[in-house]
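Here's a quick tour for anyone meeting this structure for the first time. Have a look at it below, then read on.

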Amino acid sequence: MLSSPASDARASGAWVAPLVSTIVTVPLALLLFALAGISAMACDSCESAVSHRFDQSLMQGMTELFIGLAVAGVLLVAAWVLPWRQRNAVRRVVFAWLAPCVVGLSFVVFLGMVNWP
């Protein structure tokens, strides 16, 4: 399929969606990562059996959160590195929009995975 000259034209505002997504995603990811990190203190005074269950579920939840944050990072990078042409405008906006959504979803899944005391 041949691309038309209009689709190969340089997109003038191609940087806007990745920039807005970066401004939203990075602080959100840092905040939620910090909240997940301090959640380990929720079971400081628990007894041994409860503490063991909590620690196991927390590690599984943190692993899932790391994977989710990595996926969000890949989406951000993809939004920035796509060629700045008209034909990639929709893909760039979708990748930029999905990055903060993946961060939020990863945190919700983290909260659901942890066996809170």
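A17, P18, S21, V24, T25, L28, A29, L32, L35 and A36 in α1 meet R92, V93, A96, A99, P100, V103, G104, F107 and F110 in α3, where contact means heavy atoms within 4.5 Å. That set splits into 15 nonpolar, three polar and one charged residue.

A word on the source: this is a predicted model, where local features need pLDDT of at least 70, side-chain atom pairs count only at pLDDT 80 or more, and totals for chains, interfaces and linings use all residues. Residues are numbered from 1 along each chain as its sequence is written, and side-chain values use heavy atoms, with hydrogens and water left out.

Here's how α1 (residues 16–38) sits against its partners, with axes fitted to C-alpha atoms over the stretch in contact and angles from 0 to 180 degrees between N-to-C directions:

| Pair | Angle | Axis distance |
|---|---|---|
| α1 and α2 (residues 48–81) | about 170° | 11 Å |
| α1 and α3 (residues 89–113) | about 10° | 9 Å |

On the α2 side, the contact includes L19, V26 and F33 of α1 and L65, F66 and W80 of α2. Those contact residues divide into 14 nonpolar, three polar and no charged.

Zooming out, the chain has three helices and zero strands; helices here are DSSP runs of H or I with at least four residues, and strands are E runs of at least two. Its C-alpha atoms fill a box of roughly 70 × 30 × 15 Å along the principal axes.

How values were computed
Ala, Val, Leu, Ile, Met, Phe, Trp, Tyr, Cys and Pro count as nonpolar, Asp, Glu, Lys and Arg as charged, and the others, Gly among them, as polar.
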